[in-house]
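Subject: Structure handover

Hi,

Here is the structure for you to look over. My notes follow below it.

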Amino acid sequence: MKFKNVTVAGGGVLGSQIAFQTAFKGFDVNVWLRSEGSVERAKPRFDALKETYLSILDRIKVGLSDEKTVNSVIIPRGISTEQLAIDDIENLKKDVEEGFNRIHLLTDLEKSVENCDLLIEAVSENPEQKSDFYKNLAKVLNDNTIVATNSSTLLPSSFKDLLPHPEKYLALHFANEIWNNNTAEIMGHSETSHEAFDEVVSFAKDIGMIPLKLKKEQPGYLLNSLLVPLLDAAMTLKALDIADIEDIDNAWRYGTGAPFGPFQILDVVGLKTAYNITLNKPDVNDKNSVAYQIAQMLKKYIDENKLGRGTKEGFYKY
């Protein structure tokens with residue numbers, strides 16, 4: 001089975017990036033959104049993504065035109081892994097424009113999946129919301145559609161029984177800023193078929209990703225199994241008032257040579273995502289727990305609409 005039509009459920013930070021990258025690589029993409037209000041909130045994200053891709057290509061073109069910098073031009077891996085000439089840049093810019101026009105924003109779930117080969121679920125990191133979505137999806141889903149969740153912490157086995165074909169359900173998790181950090185973690189559950197798994201691996205390659213294949217279910221996959229403990233440690237240090245955000249970030253950056261500190265990473269991930277993950281911790285309602293302190297810290301920022309890079313301010317201003 002060769003995918004042609006892809007539906008992305010959810011138009012948030014990662015949902016919009018997944019949809020745009022998929023369309024940029026030549027697929028027809030429907031984006032299902034809960035309401036007309038969600039559609040209006042999603043439109044600026046897609047406009048901004050188009051400008052991001054075009055501005056990246058313009059910078060590459062300038063670099064290729066300058067003999068002094070041609071050998072140091074950095075091309076984001078999600079955009080191209082080939083050696084590029086100036087003419088190639090114009091073709092890629094055309095791909096950006098055409099991809100943008102292949103994205104369709106819909107609120108009718110049945111219509112959004114009627115010709116769907118692959119559905120990528122990217123709704124909020126909330127078990128109840130995901131369960132409600134899958135229950136509604138099961139009523140309108142085609143038998144041939146493969147369904148993948150982009151959940152960053154929840155396991156596919158938690159939701160597989162809500163779908164009519166659990167053998168065609170698995171996880172496909174992307175990193176933020178998909179054009180730069182072009183990994184796709186593929187993780188099945190005990191009933192996922194080898195065929196569905198292999199087809200999703202092939203799709204990941206088709207949209208410019210490096211597929212990272214997990215042999216069994218693991219909360220947090222590979223990347224977040226490594227990253228989440230770092231972010232939790234940083235938020236714990238702040239919530240307990242051990243140090244200021246800048247000093248915590250500088251400890252990590254200058255001590256390891258990493259380009260970003262944990263709070264800078266959280267601004268990219270989005271504070272709502274971090275908050276939803278924290279709410280899943282068993283002791284989050286215990287006022288004496290660190291999880292409670294972290295949740296309260298994040299909520300303060302969220303209530304002030306400081307959600308991260310997407311709103312131009314989170315732990316830092318942009």
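A residue counts as partly exposed when its relative accessible area lies between the buried limit, under 20%, and the exposed limit, over 50%. Bear in mind that this is a predicted model.

**The loop between helix 7 and helix 8**

Leu-240 sits in the loop that links helix 7 (223–239) to helix 8 (245–256). Its relative accessibility is 44%, so Leu-240 is partly exposed. Leu-240 also belongs to a nonpolar surface patch of about 320 Å².

With a relative accessible area of 44%, Asp-244 is partly exposed. Asp-244 takes part in a negative surface patch. Asp-241, Glu-246 and Asp-247 complete that negative patch.

**Helix 9**

Helix 9 spans residues 262–269. Of its 8 residues, 6 are buried, so the rest of the structure largely encloses this helix. Which residues of helix 9 are buried? They are Pro-262, Phe-263, Gln-264, Ile-265, Leu-266 and Asp-267. These buried residues pack against three neighbours: helix 7, helix 8 and helix 10 (271–279).

Gly-270 follows helix 9. The phi of Gly-270 is positive, near 105°.

**To recap**

Helix 9 is largely enclosed.

Best wishes

Notes. Residues are numbered from 1 along each chain as its sequence is written. This is a predicted model: local features need pLDDT of at least 70, side-chain atom pairs count only at pLDDT 80 or more; totals for chains, interfaces and linings use all residues. Side-chain values use heavy atoms; hydrogens and water are left out. Patches are made of residues with over 30% relative accessible area and no salt bridge: like charges are joined within 9 Å, nonpolar side chains (Val, Leu, Ile, Met, Phe, Trp, Tyr) within 5 Å. Accessible areas come from the Shrake-Rupley method with a 1.4 Å probe; for residues, only the protein chains shown count as cover. A salt bridge is a side-chain nitrogen of Lys or Arg within 4 Å of a carboxyl oxygen of Asp or Glu. Helices (H or I, at least four residues) and strands (E, at least two) are DSSP runs, numbered from the N terminus. Buried means under 20% relative accessible area, exposed over 50%, partly exposed in between (1.4 Å probe, protein chains only). Lys and Arg count as positive and Asp and Glu as negative; His and the chain ends are not counted. The place of a charge is taken as NZ of Lys, CZ of Arg, CG of Asp or CD of Glu. Contact means heavy atoms within 4.5 Å.
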